[in-house]
Every structure is written in structure tokens, then in C-alpha cells.
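Subject: Structure handover

Hi,

Here is the structure for you to look at. Please open it beside this email and follow along.

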Amino acid sequence: MGMKYGSGWANHSTQSNVIPRRISMTTFDFTDLQLFITGPTQLRSEVRQAGTLPEFGHRDSESIKRFGPIWSHLKTLAEAPKDYEVILINGSGTTAMEASIRSLVAEDETVLNVSVGAFGDLYHTIAKANGKRAHLLSFRPGQAIDLGRLKQTIAEFKPAVVTLTHNETSTGVKNDIVSACALIHDSGAMALVDGVSLFGGANIDLAQAKPAMYITSTQKSLGLTAGFGIGFINSQAIEKAQSVKNRGYTSDILAHLKLAAKNQTLSTPNTTLANQMAVQLEYIVRTEGLSARFARHQALRDQTLAWVDQLKNYTAFAQDGYRSPTVTAVQAPQGKTIGDLKAIKEAMRQRGFLFDPGYGKLNQTLVDNNQPPIFRIGHMGDISSKQLERYLHELAIELQRLE
Ligand SMILES: *Cc1c(COP(=O)(O)O)cnc(C)c1O
């Protein structure tokens, strides 16, 4: 069949049992798998090469050549209104989530953590770990936020701050944050949004939802490795943070904003990642283009859902109408086990792919409730429709073997 699958990938043929390319350096020997997990994601070959660009001093004028475009492209990609500033925090999405809690929830306030899965729960865990008065509103896995229940819960607990997950990576649900933020703002509360697995793969509705802080990271839909938490912060948040005590040091968004105004980070950044990020954001904004990138992710979602539809007894796990453009969770038929999915993972490895056998804790909960487990297909970053097609084709063969 001789089809070609993009120049950035190792020498995969279309045969089903390819031996993955191995990469060796000194005594190491790593396997170059195509990642279909939900982050980190596969890097384009140009991004891999950008990892060899020269390191630089982060307080030197060379730094501005990287961070200048990074800051401006991030704002473009977020379609950020004028009153939003962007910060880069060393760490990852979780680090930025913690900074939002430390900087924007005061001691005498209540924070409501709205959860539709594992990452909504994570925001609650972070709030409690920082000694905040936190209440959890959770929805059944696979469901999106129910606005009626959100409204009731806000009326009951009168939170000053409400956290939301834009794209719940454990279940494949994308919430309607425009409507949820409108409800939150009507009550006078402030909204914080975790958009970690969505940013770079879809429009994030920042201008319509206007959360005080929107958080994301590099290793999901941006197609980079992990290393920075990214925060978009509006003027309301900046004002509020000034009255919050004990913001910490590396978790203080105001400290980050001060350096961000000079296109710098608070502490020493990963300069390799900064080089790669400059190259990748330039590609996303100027070469692929926002609308093409967002349309590609929607098409990847639709392609995945069409594939699920024609599999016997497998179903899309997320509520219809709220299915994510960057990750699809698929529920296996009755009788399939967590062990079956782990076996699929190993079989797919032999074919050159890294398969995601579902979010561990969620699968245990499902199985404990006599429901079959889920697996996930990450279709985020720079994956092409042909790469996905080949992956789904080979995955179908392995799933059939389970019958
Ligand atoms: C991955 C993920 C996180 C955690 O982000 P890290 O960058 O791994 O710290 C938080 N929220 C969502 C929705 C995620 O997908």
C-alpha cells in the first residue's frame, strides 16, 4: 500500500507488526514509540531538532529572542483580550493550578471545586492541601457539568472562587465554560479554569468566559514536552491577589507577573524547552494557523468517534454534545477487564505505539460498580489524520483478538 505518514516519524511501514525504531546514545537504548496517550505527546521532528539549539542566559538579551515570540504567540493562540497577561511557571499544569489557589483564594473564603473527573478532583486536593476551605461538587464520570446543579451549589455554599476543568482528560468531556463562568460571575464569584489538555487544540473561549485565571501546560495539545505551567491572568485576578496573604514565593502570581512584564520567568527556565517552544509556537501560529489547527483536532475527534461507532459493543464514554476534540475515552464491552486493556497496551507497543489503557483510578471505580473499563485515545498535538487512521486500524486488530 506504500502510504507515507508524515516526515517526522520513524520508519514505520504499513505492515501490522513493525519493529519500532530504537535510538541509542552512549549506553542508553530508547524505543521511539508513537504516543497516543494523553500527554506527553509526540514531538514533530522540527521540535526534536530545536532541542539542539543553543542554550542561553535567561537574564541576557538573547533570552528575548525566545521569550518575546513565546509571549506574543501564547496570547494569539489564546485569542486573549487586552486585559490578560500571561505567565510561565517552572513546573507543569499542576504547579500553575496550585499557584492559582495560593494567590487567589483568601483564608476566610470558600472555594468550590467543580469536578467531572480525576483532574477536577485534583483541583480540590490542591485546595485542601493548601489549607483552603474547599467544597467539592462532582458529577458522574462521563457527564459534563450540569448548570442547574452548579447554580444550586453556588447558592448553598456562596463560594468566593469556583474552579472548573475545561477538558477532563480522564473521561474525554469538554465542559461549556462560557455558560458555567456566566453563572459563577452572576453570583459575584471568581472563576479559575484548568484548560491543561485543551489549549493548543481548540479555541479556549477566553474572551467569552473571562475566567480570572486560565491554566494550561506545554506537554498536551501544544505538542511539546513538560516543563512550564502557563497562566492567563486578568486584571480582576491581579487586583484580588494583592489582598491574599501567604501566596508563597514560587506560587505567587504577582511575582511571576513582574518578571513576565520583561518577558522573563521568576526562576531559571528550561532553556531547551524554551527553544523548542519558540519554534513550535511560531509553527502553530504562522505555518499551520489557528483555524486549521482547531479544525484538524475536531476532525480527529470525529474520525475517532466514527471508528468507535463501527466497533461492536464499544461506546464513546463522554456525554454526547460534550466530546473533547483532543481526547476520546472509549468504554469496552461488558466482560472486558482492566487486565485485557493492559495486554492491549503491550501488544500495541510491539506495533510501535503507546496505547492508553484508561485512567487507573476511574477504571477501578467502574469495575467496582460492575461496569467495564475505558481506554483513551489522545488525538492532541500534531497528530495527522493518516497517523490516527493507521493507529486505529492496528488497534482494531488487537481489540478483535480479545473476542
Ligand atoms: C494533565 C492534566 C493536568 C496536570 O497537568 P501536569 O502538566 O501534568 O501537571 C491537569 N489538568 C488536566 C485537565 C490535565 O489533562
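Asp194 has Ile215 in β11 as its bridge partner. Strand β10 (residues 190-194) and strand β11 (residues 213-217) run parallel, joined by three bridges. Two strands count as paired if DSSP finds at least two bridges between them. Helices (H or I, at least four residues) and strands (E, at least two) are DSSP runs, numbered from the N terminus.

A word on the source. This is a predicted model, where local features need pLDDT of at least 70 and side-chain atom pairs count only at pLDDT 80 or more, while totals for chains, interfaces and linings use all residues. Residues are numbered from 1 along each chain as its sequence is written, and side-chain values use heavy atoms, with hydrogens and water left out.

The seven-stranded sheet

β10 and β11 belong to an open sheet of seven strands, in the order β4-β12-β11-β10-β7-β5-β6. Its pairing is mixed. Which are the edge strands? They are β4 (84-90) and β6 (133-138), and each pairs on one side only. From one strand to the next, the twist averages 20°. Axes are lines fitted to C-alpha atoms, for helices over the stretch in contact, and angles run from 0 to 180 degrees between N-to-C directions.

Helices pack on this sheet. Helix α2 (residues 61-78) touches β4 and β12 (228-234). The direction of α2 makes about 120° with that of β4. Contact means heavy atoms within 4.5 Å. Helix α5 (residues 147-157) lies across β5 (110-115), β6 and β7 (161-165). It runs at about 160° to β6.

Gly148 lies in helix α5. Is Gly148 buried, partly exposed or exposed? Gly148 is partly exposed, with a relative accessible area of 39%. The cut-offs are these: buried is under 20% relative accessible area, exposed is over 50%, and partly exposed is in between (1.4 Å probe, protein chains only). Gly148 and Ala180 are 32 residues apart in sequence, and their C-alpha atoms are 9.9 Å apart in space.

The three-stranded sheet

There is also an open sheet of three strands, in the order β13-β14-β16, with antiparallel pairing. Its edge strands are β13 (315-316) and β16 (374-378), each pairing on one side only. Helix α11 packs on this sheet and touches β13, β14 and β16. The direction of α11 makes about 10° with that of β14.

Now look at strand β14 (residues 327-331). Five bridges join β14 to β16. Val330 has Phe375 in β16 as its bridge partner. On the other pairing, β13 and β14 share two bridges. There Thr315 has Gln331 in β14 as its partner. Five of the five residues of β14 are buried, so β14 is largely enclosed by the rest of the structure. In a regular strand the side chains alternate between the two faces of the sheet. Val327, Ala329 and Gln331 point one way from β14, and Thr328 and Val330 point the other way.

Helices α10 and α11

The axes of helix α10 (residues 271-288) and helix α11 (residues 290-310) come within 6 Å and cross at roughly 95°. The two helices are therefore roughly perpendicular to each other. By the cut-offs, angles under 35 degrees are roughly parallel, over 145 roughly antiparallel, 65 to 115 roughly perpendicular, and the rest oblique.

The 18 residues of α10 should span 26 Å at 1.5 Å a residue, and the end C-alpha atoms are 24 Å apart, which agrees. The expected span is 1.5 Å times one less than the number of residues. Buried residues of α10 include Leu273, Met277, Leu281 and Ile284. Their cover includes α1 (45-50), α2, β4, β12 and α11.

The hairpin

Strand β1 (residues 22-25) and strand β2 (residues 28-31) pair in the antiparallel sense over four bridges. Ser24 stands opposite Asp29 in β2. The hairpin has two residues between the strands, and Thr26 takes a positive phi near 45°.

Best wishes
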